[in-house]
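This note is written for a colleague who is meeting the structure for the first time. Please read the numbered points with the sequence and the model open alongside.

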Amino acid sequence: MSRLSNAALAGLPTEVERPGYDRAAVRTGVVHLGIGAFHRAHQAVVFDDALRSGDLRWGVLGVSLRSPGVRDQLNPQDGLYSLVVRDGVDDRTRIIGAVQGVLVAPEDPAAVVAAMASPDVHLVTLTVTEKGYRLDPASGGLLTADPDVAADLADLSAPRTAPGFLVAALAERRRAGVAPFTVVSCDNLPHNGARVRSAVLAMAQVHDPALAEWIETEGAFPQTMVDRIVPATTPEDIDTRAALLGARDEGMVKTEPFTQWVIENRFAGPRPDFAALGVQLTAEVAPWEDAKLRLLNGAHSSIAYLGGIAGHAFVHEVVAIPAFRTFVERLWDEAGTTLNPPPGLDIPAYRRDLMARFSNPSLQHRTRQIAMDGSQKLPQRLLATIAARLDADQPIDALALGVAGWIKWQEGVTETGERFTVDDPMAATLATALAGADTAEDSVRAVSSLTEIISPRLGNDERFIQAVARHLDGIESRGVETWLGHQA
Ligand code: NAI
Ligand code: CS2
């Protein structure tokens with residue numbers, strides 16, 4: 001079967017939405033670092049909408065900083081891929097044309113820097129995962145001991161890291177008298193704009209203080225909140241789609257109908273008419289971000305660990321079990337008190353919508369995918385919430401159970417005896433810390449000594465230690481579902 005391509009568009013089934021604009025006339029206005037599934041189902045769809053509206057400045061050049069996989073999926077398809085929206089009943093397919101191609105940075109870093117330095121490029125967006133910024137999860141500081149960061153701090157002629165590419169490209173633009181691009185982080189990091197800005201300034205300062213000052217005064221790093229559940233595509237998804245499309249699409253992505261993008265209204269230069277495209281521009285992103293990270297993502301991670309340990313592969317399976325559903329509601333009761341909801345965000349309705357989204361069986365969202373990189377995720381999803389509750393002398397019972405699930409997850413085995421590899425940049429550090437622990441409390445104290453993940457504010461708080469240890473002991477002695485049943 002032939003691959004999806006410009007030439008194949010005319011032959012696709014009539015119900016499949018096509019790009020609807022002249023792709024040959026599109027200019028590259030965006031470079032995206034970390035061209036994974038989420039960008040293709042979220043930001044690229046907004047840029048595709050901009051192109052459909054007639055503003056042809058917003059084509060996307062994708063960049064992978066690590067591997068050729070997505071390049072090999074999309075470049076043979078002229079950058080085209082299917083966005084498959086699954087609402088639990090039907091699938092809707094739209095072919096996205098905004099991505100014009102993909103570069104693989106390690107193959108030709110200079111080509112990536114040159115693309116980012118183009119005067120037509122006004123936005124550099126990123127989804128490199130929480131770990132991709134090479135920042136300390138607890139403090140947010142640049143991990144200067146990281147070998148790739150150290151190499152970029154020494155020499156930017158062939159960058160290796162996201163901050164390195166940003167600094168090298170901004171330096172090239174300054175040399176050429178071109179205004180800086182706006183850096184738009186689209187990762188689930190608190191204050192994502194400020195974090196990537198501090199990493200960029202720290203690296204620029206080492207190379208050229210005048211460059212750092214130029215970036216600080218002329219650049220823009222807006223904070224964003226991004227939301228759309230995008231499970232990893234499986235080979236079965238691709239095979240099924242090929243049969244329906246009549247063309248093989250190796251780059252397809254599957255997602256839910258819901259999508260939301262909130263961006264701080266701070267840009268260094270031109271941008272799409274985001275408001276007309278359904279993107280919320282605001283001065284204050286933090287209230288939106290806190291609600292999303294603490295309610296959606298805090299529940300997601302807790303479901304992933306506790307549900308995964310209990311042997312459930314998918315999110316919708318977990319929330320179909322009453323004891324888990326009750327646990328999630330209790331976690332939301334606790335997290336909800338730490339929020340300062342923005343005008344227009346109705347928390348009870350938001351929670352109802354979240355539970356409906358989690359319950360969508362057609363997403364097949366794997367608990368194991370969400371469980372990945374917990375050391376990079378827990379600080380903003382559960383630990384910050386716990387600190388806020390303890391500062392207010394409030395109980396942290398459900399939140400602590402989520403943390404207990406994460407610690408138990410480090411053993412790499414489910415209650416059904418299935419062994420798995422803990423996918424986390426700090427997995428070895430965590431395993432070493434836990435190796436000598438005899439009791440649940442020992443385990444909690446051992447993990448709490450890792451200040452890259454758990455700040456001393458929590459690690460030295462006996463209320464935190466005891467709450468997590470009680471639950472860790474409970475799930476170890478009774479099993480997750482029995483222990484949950486005792487908590488309701
Ligand atoms: P993915 O696995 O499809 O893509 C991840 C991308 O990050 C790839 O391009 C990969 O090369 C790059 N990457 C990974 N580690 C890196 C590192 N150390 N340095 C540089 N690049 C690195 O994952 P997906 O679904 O695109 O998610 C990516 C990020 O998007 C998430 O970590 C999260 O921050 C954000 N996000 C994801 C959502 C989802 O439901 N998938 C929803 C909301 C946000
Ligand atoms: C998930 C998120 O994999 C994970 O960690 O919790 O990617 C989640 O799907 C998104 O934040 C939803 O917007």
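1. The structure under review is a predicted model. The positions discussed below should be read with that in mind.

2. The surroundings of ligand 1. The shell around ligand 1 holds 22 residues, of which Ala 37, Phe 38, Asp 187, Asn 188 and Val 230 come nearest. By class, this shell is made up of nine nonpolar, seven polar and six charged residues.

3. An N or O atom in the side chain of Asp 187 is 2.7 Å from an oxygen atom of ligand 1, and a backbone N or O atom of Ala 37 lies 2.9 Å from an oxygen atom of the ligand. A nitrogen atom of ligand 1 has a backbone N or O atom of Val 128 at 3.5 Å. On its own, ligand 1 has 830 Å² of accessible area, and the protein covers 82% of it.

4. Which residues are around ligand 2? They are Asn 188, Asp 227, Arg 228, Ile 229, Lys 292, Leu 296, Asn 297, His 300, His 365, Ile 370, Lys 377 and Arg 381. Three of these shell residues are nonpolar, four are polar and five are charged. Asn 188 also belongs to the residues that come nearest to ligand 1.

5. Polar contacts of ligand 2. A polar side-chain atom of Lys 292 lies 2.5 Å from an oxygen atom of ligand 2; for Asp 227 the corresponding distance to an oxygen atom of the ligand is 2.6 Å, and for Arg 381 it is 2.8 Å. The protein buries 88% of the 340 Å² that ligand 2 exposes when taken alone.

6. Placement of ligand 2. Helix H10 (286-309) and helix H15 (374-391) are the elements that give two or more residues to the shell around ligand 2. H10 gives the most, with four residues. Why is ligand 2 described as lying between domain 1 and domain 2? Domain 1 (9-282) and domain 2 (286-487) both contribute residues to its shell, so ligand 2 lies between them.

7. Strand E7. This strand covers residues 182-185, and both of its faces are covered. Thr 182 and Val 184 are buried on one side, as are Val 183 and Ser 185 on the other. E7 pairs with strand E6 (residues 123-126) in the parallel sense, over four bridges. Within this pairing, Val 184 of E7 is the bridge partner of Thr 125.

8. Helix H2. Of the ten residues of helix H2 (residues 43-52), eight are buried, so the helix is largely enclosed by the rest of the structure. The buried residues are Gln 43, Ala 44, Val 45, Val 46, Phe 47, Asp 48, Ala 50 and Leu 51. Just after H2, Gly 54 takes a positive phi of about 105°.

9. Ala 24. Is this residue buried or exposed? Residues over 50% relative accessible area count as exposed. Ala 24 has a relative accessibility of 75%, and therefore counts as exposed. Ala 24 is found in the segment before strand E1 (28-33). Its C-alpha atom is separated by 23 Å from that of Ser 64, which is 40 residues apart from Ala 24 along the chain.

Definitions and conventions: Residues are numbered from 1 along each chain as its sequence is written. Chains are lettered from A and ligands numbered from 1 in the order in which they are written. This is a predicted model: local features need pLDDT of at least 70, side-chain atom pairs count only at pLDDT 80 or more; totals for chains, interfaces and linings use all residues. Side-chain values use heavy atoms; hydrogens and water are left out. A residue is near a molecule or strand if one of its heavy atoms lies within 4 Å of it. A polar contact is a pair of N or O atoms within 3.5 Å; within protein, one must be able to donate a hydrogen and the other to accept it, and residues adjacent in sequence count only if both atoms are side-chain atoms. Accessible areas come from the Shrake-Rupley method with a 1.4 Å probe; for residues, only the protein chains shown count as cover. Ala, Val, Leu, Ile, Met, Phe, Trp, Tyr, Cys and Pro count as nonpolar, Asp, Glu, Lys and Arg as charged, and the others, Gly among them, as polar. Buried means under 20% relative accessible area, exposed over 50%, partly exposed in between (1.4 Å probe, protein chains only). Two strands pair if DSSP finds at least two bridges between them. Domain bounds come from an automatic or database domain assignment.
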